[in-house]
Amino acid sequence: MRSVPTTSIDLADPDVVADPYPHFAREREQHAVAWHEASGMYLTFAHATVGQVQRDRRLGRIWADREPLDYLEPFNLLHRNQMMENEPPVHTRLRRPVAKAFARGHIERLRPRVREIAAGLLDDLDPAGFDIIEGYAEPLPVLVIADLLGVPRSYAPDLRDWSQAIVRMYEVAPPQQTVDDAVRAAQDFAGLVRELVAERRTTPADDLITDLVATELTEDEVVAAVVLLLNAGHEASVNVFGNGLTAMLRRGLRPGADVPATVEEMLRFDSALQLFERTAMEDVEVAHGGQSIVVEKGQKIAALLGAANRDPAVFDQPDEFRVDRDPNNHLAFGVGVHFCLGAPLARMELAESLPALFETFPDLSLAGEPESRGTFVLRGYRTVPVRGTHA
């Protein structure tokens, strides 16, 4: 390999996992992009380079089955057949059937349902103290996406457990127990979806699974799409809510008059998704600020979204949480062909659930130290204990 900037940042180091942003800042001061030997790929630390990686169609999502192949087939099958792990034209074919369900008009029609679910969850919370993740941030998006797809609500706890087991495989060097848990979750998750698909073939309903069954997608592709939507359809909302609310409560902040602006700051300030890989389909030059490297065909490069969202070249005082920040050109949902399909739904859920929480508990505060999930790629909290007086 030609001479290039290098970085030795340890993405599994507990200090980095706990608070990656000072580490990102030090790296960004030295280089916008650097080779990371430990992961065998380039890492990008500046907003401009992260955006370039996401927009350049020569840098694609190229799925490679994980090994051992036989053992990991349940996990591989779900990813091999999903839109997020493919490029056009396959990506386009897989994305088109579900895109209309996440169009802005359809999302607006879901708003009253989100308000209803939020109100019901808030009524069940004990003002003396509760875990905002378990009692509110987790169940709300799970119930919304389950209703949209047509998955019975009784499966909500299983959906959350399966999802967390699968997404832990995205972390740096997952241990064998994580692999075993992910394989079991993939088997169980796919098994449920196949049962629902079979039911919809004989008894159609007014839901997205019925719509997908009627398309040209194969059964494996329908299963992969449903699992992806159930996972991605709530993981971002849960972690954005938990990360953002924790940041606000630590600083004594409340949502601003412009709630959508506060939601955008929650998305920016402590990104739920920190790392998104791409693979060069041909040699690609990545340049910024006089620095230039060539990602050779077959090499990987990772967009560090959290680093981009704290870049002082783009954001004034990036380490401050400003409920009314404007402009706010964060990259939390990505850009380009892989822009998050569920972004309108996540934004709407957050814009409804956040003010509803503070209207119900105006003096909401932390009741203890939040417990991190201890993961880097998908950043979030396992528990966030809070208390407040019911209005």
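Three strands form an open sheet in the order 5-13-10, and their pairing is antiparallel; strands here are DSSP runs of E with at least two residues, helices are DSSP runs of H or I with at least four residues, and both are numbered from the N terminus. Strand 5 (130-131) and strand 10 (365-366) stand at the edges with a single partner strand each, so one side of each is left without a neighbour in the sheet. This is a predicted model, in which local features need pLDDT of at least 70 and side-chain atom pairs count only at pLDDT 80 or more, while totals for chains, interfaces and linings use all residues. Residues are numbered from 1 along each chain as its sequence is written, and side-chain values use heavy atoms, with hydrogens and water left out.

**Strand pairing**

- Strand 5 is joined to strand 13 (residues 385-387) by 2 bridges, and these strands run antiparallel; two strands are said to pair if DSSP finds at least two bridges between them.
- Within this pairing, Phe130 stands opposite Val386 in strand 13.
- Strand 1 (residues 6-7) pairs with strand 2 in the parallel sense over 2 bridges, and the bridge partner of Thr6 in strand 2 is Trp35.
- Strand 2 also pairs with strand 3 (residues 41-44), here in the antiparallel sense and over 4 bridges, with Val33 standing opposite Thr44 in strand 3.
- The hairpin of strand 2 and strand 3 has 4 residues between the strands, and in this hairpin Gly40 takes a positive phi near 70°.
- Strand 3 is joined in turn to strand 9 by 4 bridges, the two running parallel, and Met41 has Lys300 in strand 9 as its bridge partner.
- Strand 6 (residues 275-280) pairs with strand 9 in the antiparallel sense over 5 bridges, and Phe276 has Ala303 in strand 9 as its bridge partner.

**Burial of the strands**

- In a regular strand the side chains alternate between the two faces of the sheet.
- In strand 2 (residues 33-36), Val33 and Trp35 point one way while Ala34 and His36 point the other way, and all are buried; buried means under 20% relative accessible area, exposed means over 50%, and partly exposed lies in between, using a 1.4 Å probe and protein chains only.
- In strand 9 (residues 300-304), 4 of the 5 residues are buried, so this strand is largely enclosed by the rest of the structure.

- Not counting residues up to four places away in sequence, Phe102 touches several residues, among them Ile107, Leu148, Leu229 and Pro344, where contact means heavy atoms within 4.5 Å.
- Helix 4 (residues 69-80) spans only 12 Å between its end C-alpha atoms, whereas a straight helix of 12 residues would span 16 Å at 1.5 Å a residue; the expected span is 1.5 Å times one less than the number of residues.
- The buried residues of helix 4 include Leu72, Phe75 and His79, and what covers its buried residues includes helix 9 (156-167), helix 10 (176-202) and helix 12.

**His31**

- His31 lies in the loop between helix 2 (21-30) and strand 2, and this residue is buried, with a relative accessible area of 6%.
- The side chains of His31 and Glu27 are joined by a polar contact of 2.7 Å; a polar contact is a pair of N or O atoms within 3.5 Å, where within protein one must be able to donate a hydrogen and the other to accept it, and residues adjacent in sequence count only if both atoms are side-chain atoms.
- Leaving aside neighbours within four places in sequence, His31 is in contact with Pro5, Thr6, Thr7, Phe45 and Gln291.

**Aromatic pairs**

- There are 10 aromatic pairs, counted when rings of Phe, Tyr and Trp (its six-membered ring) have centres within 6.5 Å, with planes under 30 degrees apart called stacked, over 60 edge-to-face and the rest tilted.
- Phe24 and Phe45 form a tilted pair, 6.5 Å centre to centre with 55° between the planes.
- This pair links distant parts of the chain, 21 residues apart, with Phe24 in helix 2 and Phe45 in the loop between strand 3 and helix 3 (47-55).
- Ring pairs link Tyr21, Phe24, Phe45 and Phe376 into a cluster.
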